[in-house]
Amino acid sequence: DVPLLGCTDTSASNYVSGAKVDDGSCAFDGCTNPLSPNYDSTATANDGSCITPQPGCPDTAADNYLASANYDDGTCAYTGCTDAAATNFDATATTNRASSCVFPVAGCTKSTAANFN
């Protein structure tokens, strides 16, 4: 008796219930386009479910947020103080707003002192 060959993985789309020996033919349906936001790295057969990538900035906190973006293309921009010497330095800022930077001032900070500045 020759054992029935076929896909023995029950999660595969072409599972053969009577197969006794897996022949390596298992197919896993899903989106196979790596640029699609719903890409499935385990899929071996494209099932037509891929969403067309809409590049842009999907981060609502960014200055250039794009509501229709479903794929982050790395263009998100954040305005803030990019000067590390400022007290309000913003490490996440990508665009400097110099007027927003606040720098420490040397001097006496006690308002009742004669040399207060």
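1. Basis and confidence. The structure is a predicted model, in which local features need pLDDT of at least 70 and side-chain atom pairs count only at pLDDT 80 or more, while totals for chains, interfaces and linings use all residues. Residues are numbered from 1 along each chain as its sequence is written, and side-chain values use heavy atoms, with hydrogens and water left out. The protein averages a pLDDT of 92, and 100% of the residues score at least 70, pLDDT being the predictor's confidence in each residue, from 0 to 100.

2. Secondary structure. The protein has eight strands and zero helices, where strands (E, at least two residues) and helices (H or I, at least four residues) are DSSP runs numbered from the N terminus.

3. Overall form. The C-alpha trace spans about 105 × 25 × 15 Å along its principal axes, and the radius of gyration is 29 Å, whereas a compact globule of 117 residues would have one near 13 Å; the radius is taken over C-alpha atoms, and the globule rule is 2.2 Å times the number of residues to the power 0.38. Of the contacts (heavy atoms within 4.5 Å) between residues at least 6 apart in sequence, 1% join residues at least 24 apart. Of the 117 residues, 19% count as buried, that is, under 20% relative accessible area with a 1.4 Å probe and protein chains only, with exposed meaning over 50% and partly exposed in between.

4. Disulfides. Taking a disulfide as a pair of cysteine sulfur atoms within 2.5 Å, the count comes to four, and the bonded cysteines, numbered in sequence order, pair as 1-2, 3-4, 5-6, 7-8.

5. Cys7 and Cys26. The sulfur atoms of this disulfide are 2.0 Å apart, and the link is right-handed, with 105° about the S-S bond. Cys7 lies in the loop between strands E1 and E2 and Cys26 in the loop between E2 and E3, so the pair ties together parts 19 residues apart in sequence. Cys7 is buried at 0% relative accessible area, and Cys26 is buried at 17%.

6. Cys31 and Cys50. A disulfide joins these two residues, right-handed with 110° about the S-S bond. Cys31 is buried, with a relative accessible area of 1%, whereas Cys50, at 24%, counts as partly exposed.

7. Cys57 and Cys76. These cysteines are joined by a disulfide, S to S 2.0 Å, and both are buried.
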